[in-house]
Amino acid sequence: MSYARKVDLNHTDVVKTLRSLGASVFDASKVGKGFPDIVVGYKNNTILVEIKSGENKKFTPTQLKFMSEWKGSSIIRINDIDGAIRLIKMLDMQ
């Protein structure tokens, strides 16, 4: 049985913000199995991002398992548009 994966309400706004700031964004929200919501490319960096609709929203057990087993760079959590802007500013300082 298959089902549509639920995305957080701010998902579209975060993606639009990142793109407007010059990042490329691949929406991976339908991949499932704990994989992060989006893959962001910016200034030769590739970042896995989990979008949550607020600081109090918890990771699912599947997301926690993926993060604990992932051998690449850290997965970034973005809670809102300001978080998307902070990510780009941080990458601009590198």
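Residues are classed as buried when their relative accessible area is under 20%, as exposed when it is over 50%, and as partly exposed in between (1.4 Å probe, protein chains only). Strands (E, at least two residues) are DSSP runs numbered from the N terminus. The structure is a predicted model, in which local features need pLDDT of at least 70, side-chain atom pairs count only at pLDDT 80 or more, and totals for chains, interfaces and linings use all residues. Residues are numbered from 1 along each chain as its sequence is written, and side-chain values use heavy atoms, with hydrogens and water left out.

Strand E2, spanning residues 38–42, is mostly covered, with four of its five residues buried. Pairing of two strands requires at least two bridges between them, as found by DSSP. E2 is joined by four bridges to strand E1 (residues 24–27), and the two run antiparallel; here Gly 41 of E2 stands opposite Ser 24. Five bridges join E2 to strand E3 (residues 45–51), again in an antiparallel arrangement, and Val 39 has Leu 48 in E3 as its bridge partner.

The connections between these strands contain residues with positive phi. E2 and E3 form a hairpin with two residues between them. Lys 43, found in the loop between E2 and E3, has a positive phi near 50° although this residue is other than glycine. Lys 43 is exposed, with a relative accessible area of 52%. In the loop between E1 and E2 lies Lys 33, which is likewise not a glycine and has a positive phi of about 55°. The relative accessible area of Lys 33 is 76%, and this residue is therefore classed as exposed.
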